[in-house]
Amino acid sequence: MSTRLALAFKNLGRNSRRNMATASAIVLGYAGLLLLSGFVTRIEKFFRATSIYLNHVGTLSVFKPDGVEKHLLKPKKYSLTPEEQVKTREIMKNLFPENEGIGTSLQGFSLIGNGCKTWPVRITGTEKELEKRLVNHWSVSQFSGELLGARRGSGIWEFKTITPILVTHKVARNLGKSKIRSTTEDSIPQLSSSENYDCSDQRFHLRLSDDSNVQLAARTFQNDFSAVDAEIVGFYSSGLELLEESAALVPLDALQKLYETDGATKISLFLPWNTPPEPAAQRLTEALKNANLDLQVHHFKEFSVNPFYAGFMNLIYVMSSFFLTLAICVVTLTVSDTMTMSVLERSREIGTLRALGFRQTQIIRMFSEEGTLLGLLCLPFGLFIAWLTSLIVNSAEILFEVPGISTQIKVVLEINVIHGVVLGALLVGVTMLSGWITSVRATKKPLVKLLQSHVS
Amino acid sequence: MSSLKMGIRNTLSNWRHSLGSILSVAIGFSALTLFNGYISVVQDMYEDNYRQRSMFGDVMIEKSENGKEIDFEESRINPAEQNFIANFLDENKDLLDEYVRFLIISGLANNGKTSSIFWGFGYDFEKGRKLREPTWVWNSKAGKPLDQQTSDSVMLGQDIGDTFGCVIEKKERLLTKVGGYEPLDRPFKCERDKLQLSVTTESGQINAMNVKVGALGGVGLRGIDSWYLMMSLDRAQQLFDTQDISHMRVRLKDAKMFDTFVKRFNKEAREKNIELRAFDWRDHVIARVYKRTMGLFLMFRNLVTAVILTISGMSVLNAMVKSINERRREIGTLRSLGFKQTRITRIFSTEGVVIGVIGSILGSIFCIISSIILNKLEFIYFAGFLSDPVPFVIGLVPNLYLLSLVILCGIAATTAFFASFRAVKSSIPALLTSV
């Protein structure tokens, strides 16, 4: 084995210039693929952290059957009852003791008003303590830090005596609200009854702007009219551009009070970052079925519960796969080209080896090993170029606009070890195969012909 | 000319030497053209979705402040300003195909059981149809387009339609290969046909109006279709108790007239002290998803092109160096016959171009065949923010083929030049005695 390797190494050295050119093609191809995978990895992590933790999608979420599509149409029918909530939580806890959080949430529409103007919002009610854990999750600060940077004010978990509400910057702007209630303010500053409620008066609008109080109004699950007072305690970003016009977040109990219900839209389960969601969803589905609970489990990669993640990543994966296929084809044919020339030039050498008693398989293996060696030698250089480029790009702090995302995100190229190994194995496999294919034909020629062949 | 003749003759007579280079060019050409062909189709889909389906046309006219952009939702063009625009458009009929007035609407829709936020536009139905020509005249997935309905009808985006329990009776893939829907009145059913739209007027009053769900469609962009609602401009103005519009969209007879139109309009508005500006819709905040998606495609395209060209370039260089090394005696003979060094490098560069052309022709044949096969397979997938699944299609774009040909011929000629440059510098005896 070592003799053959030494021989392959020596042969590579004999055509150093040509092999250098081929090697540079492999090196650049490998570096390009690594960088592309690094970019895709970064985007995927951003979308994953944003959707699972900041948009409360969860690793897994449990709905009523068809609840994803119909909970807004018939909220009462498609809400989880308190009994279902308790049982599901219990099952989740027992089945996934490693979980990072389990939370109930309620979603719906509401009007938010400042006394003069109302604005429709898509409102989410979430558990205060869970919200605190989600916002402070390590992956959020690491991969979606830009969205945390867009937050102002406090979290909803920091208030006990009032109904806190977070609204997006745009909702606040549409309502003409600039005041954020701080945790240190004790009493709610109300407009005095002696003040003139004149919505056409600009001074009154300025007064409203300096007041964090808003009113939430909605139809209850029983189709009655309901309203609650709330205090804006912060501005936040949903991360999704299309939601920025109309998103709001309140504690679950406040929203349940507004809708006059004890039901919930879904229960989300937050599993450790690298947990594969599909098998986990399968396990939970089985467990719910065994407990006679007619509920549906979804995971965050599903189009129905996380359309932005699924749609965007789908496009990125299609483009990347297409590029990968083309790049592999180009590298394969480039290496085959070089190998063919090399084999043709060395026809007499092959003839001599055959005359000395080498078997066809031995000669083919020798060329395959030459190809393998060429591929293997290229990988560290490709990795180095990719690493160096990623270092330069990452330190340049380039901002990138992701379609559909409300804020610019930093371009971070993360070299993914698994992708590196898979792509490396693929390229080495390709070079080995090229050596093998090109030498098979040559070794099949009659010995006399091989010995008589010319260089050109 | 004689260099060209010699280049062609040399390529043909040394075809075995040139084969490697030709193959490398063909491979590079195929990879480049297939990938860019795919990207161009996806780009066209997005462009089509905005320009025709969403009726953006070519130019937008919006309110401005000191000639600068203002928040688009604050933009209100009053009747006097509308008259100014109408007069201007009338005077510039030669540039114009059609123009449509739009009013941005938002509020809460309710069917008696369910509420949902809506956001969308009130627009001139008839004129809007013209802006959707030719692909999206029929823009409804179910029901008829609004221009074929009464003015109290609204079109809902598919997702907000789901919220109100609107179901298309027969589920099928509607998008045709060239974009657009088959012009068929597909039946649909909603939980309740009527909706009540509640909005806040500019004066802060709550106003409401009953409308009929006439069609399901939207703009085909995920997220937007969750709130999207379109209605007639008259009814929208009635609902918001206003005569104003938010903006105007103009389709030009020829998109190349964009600069002329915009300059003329902005100049006249400035001269008459009217705070309006005309601009490319792609620069509007509503089209941000489009712009960012295009940016992403551009980045992908550049990265892929750079990698493919580098690999192909290296491969061609490799093959060229080998070919020239094997023809050192030929170079020596030419030199001894009195050929100048520059002439010989020119011959080899021309040979590079010929190799580039032949390789590109082979690549084109491969690309056309593989594109036809792949397009026939109709692999369906979701392309980012487009809400309808689309087929995986590789575009056959002649300009792209031409561009790839030029780039690859350039690479082949440059590599041939560099590969021959060193060889011709050797002494004639060394060249003639080389093995």
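Because the model is predicted, local features need pLDDT of at least 70 and side-chain atom pairs count only at pLDDT 80 or more, while totals for chains, interfaces and linings use all residues. Residues are numbered from 1 along each chain as its sequence is written, and chains are lettered from A and ligands numbered from 1 in the order in which they are written.

Chain A comes with 16 helices and 12 strands; helices (H or I, at least four residues) and strands (E, at least two) are DSSP runs, numbered from the N terminus. Its radius of gyration is 31 Å, well over the 23 Å that the globule rule gives for 456 residues, so chain A is more spread out than a compact globule. That radius is taken over C-alpha atoms, and the rule is 2.2 Å times the number of residues to the power 0.38. The C-alpha trace of chain A spans about 110 × 55 × 30 Å along its principal axes. Of its 456 residues, 47% count as buried, where buried stands for 20 or more other C-beta atoms within 10 Å of the residue's own, exposed for 12 or fewer, and partly exposed for anything in between, with C-beta atoms placed from the backbone. A contact here is a pair of residues whose C-beta atoms, placed from the backbone, lie within 7 Å.

Chain B holds 12 helices and 15 strands. Its radius of gyration is 30 Å, whereas a compact globule of 435 residues would have one near 22 Å. A box of roughly 100 × 55 × 30 Å, taken along the principal axes, is filled by the C-alpha atoms of chain B. Buried residues account for 49% of the 435 in this chain, and 80% of the chain B contacts between residues at least 6 apart in sequence join residues at least 24 apart.

Now for where the chains meet. In all, 54 residues of chain B are in contact with 52 residues of chain A. On the chain B side, the elements giving two or more residues are α2 (15-53), β3 (96-110), β4 (115-123), α5 (158-163) and α8 (288-326). Of these, α8(B) gives the most, with 22 residues. Sorted by class, the chain B side has 26 nonpolar, 20 polar and eight charged residues; Ala, Val, Leu, Ile, Met, Phe, Trp, Tyr, Cys and Pro count as nonpolar, Asp, Glu, Lys and Arg as charged, and the others, Gly among them, as polar.

Next come the helix pairs in chain A. Two packed helices are described by the angle between their axes and the distance between the axes. Axes are lines fitted to C-alpha atoms, for helices over the stretch in contact, and angles run from 0 to 180 degrees between N-to-C directions. Helix α14 (residues 360-396) and helix α15 (residues 417-443) of chain A have axes that come within 7 Å and cross at roughly 150°. That makes α14(A) roughly antiparallel to α15(A) (angles under 35 degrees count as roughly parallel, over 145 as roughly antiparallel, 65 to 115 as roughly perpendicular and the rest as oblique). The crossing of α14(A) and α15(A) is right-handed; a crossing is called that if the near helix is turned clockwise from the far one by less than a right angle, and left-handed if anticlockwise. Their contact has 12 nonpolar, 13 polar and one charged residues.

Helix α12 (residues 307-345) of chain A also meets α15(A), with axes that come within 9 Å and cross at roughly 35°. The crossing of α12(A) and α15(A) is right-handed. Residues in this contact include V331(A) and M339(A) from α12(A), and L426(A) and V430(A) from α15(A). The contact divides into 10 nonpolar, eight polar and no charged residues.

Finally, some single residues. W119(B) sits in strand β4 of chain B and counts as buried, with 20 C-beta neighbours inside 10 Å. It touches S106(B), W227(B) and Y228(B), leaving aside residues up to four places away in sequence. E397(A), in the loop between α14 and β11 (399-400) of chain A, has a positive phi near 50° without being a glycine.

Technical notes
Two residues are in contact if their C-beta atoms, placed from the backbone, lie within 7 Å.
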